[in-house]
Amino acid sequence: MKLNINTNTLKEGLESIQVKGKYVNKGGLSSGSLDDVFYLSAKANTVSLWGGNNTFLVNIELEAEVETDGGYIGKASQIIPYLKNFGEEVTLEVGDFLSLSSGSKKASVPRVVEWTNMQAINRLGPVLSKLPVVMPTDELPHLSPKTQFEGGFILNSEVFANAISSCELVKSGVYKIDLTRESLKISSTDGPTNSYVEEIEPLVRIGEPATVEFSSPLHKFFKKDQLLTFYVLDDAPIVIISDDRRLVKAPYIAGV
């Protein structure tokens, strides 16, 4: 694999797929991120970055000049520091290790030979990549051959981020999306006296009612002022897609 890409574009992509934010644990909410390890695929002048695990998968597509197709598994923490010191463009070339060069500056970092989360990428990646960015008006897409999404809606990323940020004040770390024919509500609850709910008017809403709970700071993955397409299904993974990035998050199951 060999490619040329804007240095800052690659750096921001690697930082984004770590999805740093507040994650739920036994003690409540604490700062965290997804796996430092990532997968990079280069093909047809597009670099596709993948990160996550078997419950939370993210993908970003970046423009690049791809000379030779290929893939690479590595650690973002080993690459980002070099990118901060490189020039405007960086060349990546993969052999036994990853070589990075920018002008007179060169660096090399090792490959990750085995990464268990590649199984989730191989299984869910093709499905996620095929889901349409532009929401169809006639029929919602399928999550699997036998499972069709029940509802879909579109929000501005800032609206979504503000709602989740307010829900984080509850400190349960679990958020609910409740889509009905009349409304869209995003909420969080921690007992009968501690809760937050916000009713939002989506830009577009289609399909049937659906309710899903999730954890993790999904809003941190997206850029400011992006249009986000949500595909939802009762108690099933939630999918959110923008023009350059996609995620799928398994539903929250209490006690698991």
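Two strands count as paired if DSSP finds at least two bridges between them. Helices (H or I, at least four residues) and strands (E, at least two) are DSSP runs, numbered from the N terminus. The model is a predicted one, in which local features need pLDDT of at least 70 and side-chain atom pairs count only at pLDDT 80 or more, while totals for chains, interfaces and linings use all residues. Residues are numbered from 1 along each chain as its sequence is written, and side-chain values use heavy atoms, with hydrogens and water left out.

**Stop 1: the sheet of five strands**

Select β7, β1, β9, β10 and β11, which in that order form an open sheet with antiparallel pairing. The edges are β7 (65-68) and β11 (105-109); each has a single partner strand, so one side of each is left without a neighbour in the sheet. On average, neighbouring strands here are turned by 20 degrees against each other, direction ignored. Angles run from 0 to 180 degrees between N-to-C directions, and axes are lines fitted to C-alpha atoms, for helices over the stretch in contact.

Now pick β10 (residues 98-102) together with β11: the two pair in the antiparallel sense over five bridges. Which residue of β11 is the bridge partner of Leu100? The partner is Ala107.

**Stop 2: helices α1 and α2**

The axes of α1 and α2 (residues 76-83) come within 10 Å and cross at roughly 150 degrees. That makes α1 roughly antiparallel to α2, a label used for angles over 145 degrees, with under 35 counting as roughly parallel, 65 to 115 as roughly perpendicular and the rest as oblique. Show side chains to see Thr7, Leu10, Lys11, Leu14 and Glu15 of α1 meeting Ala76, Ile79, Ile80 and Leu83 of α2.

Stay on Lys11 and Glu15. Both lie in α1 (residues 7-16), four residues apart, about one turn of the helix. Lys11 is buried, with a relative accessible area of 16%, and Glu15 is partly exposed at 31%. Buried means under 20% relative accessible area, exposed over 50%, and partly exposed in between (1.4 Å probe, protein chains only).

Move on to Val19, in the loop between α1 and β2 (21-25). Its phi is near 45 degrees, a positive value in a residue other than glycine. Most residues other than glycine have a negative phi. At 1% relative accessibility, Val19 is buried.

**Stop 3: the sheet of nine strands**

Select the strands in the order β8-β4-β5-β6-β22-β21-β20-β14-β18: they make an open sheet with antiparallel pairing. At its edges are β8 (70-75) and β18 (204-207), each pairing on one side only. The twist averages 15 degrees from one strand to the next.

Within this sheet, β5 (residues 46-52) and β6 (residues 56-63) pair in the antiparallel sense over seven bridges. Ser48 stands opposite Glu61 in β6. Helix α3 (residues 118-130) packs on the sheet, with β4, β5, β6, β8, β21 and β22 among its contacts. Helix α4 (residues 157-167) lies across β14, β20 and β21, at about 95 degrees to β14.

**Stop 4**

The structure holds five salt bridges. Select Glu208 and Arg181, whose closest N and O atoms are 2.2 Å apart in one of these bridges. Glu208 is in the loop between β18 and β19 and Arg181 in the loop between β15 and β16, so the pair ties together parts 27 residues apart in sequence. Arg181 is exposed at 52% relative accessibility.

Finish with Asp244 and Lys223, a salt bridge with closest N and O atoms 3.2 Å apart. Asp244 is buried at 16% relative accessibility, whereas Lys223 is partly exposed at 41%.

Note on methods
Contact = heavy atoms within 4.5 Å. Salt bridge = Lys/Arg side-chain N within 4 Å of Asp/Glu carboxyl O.
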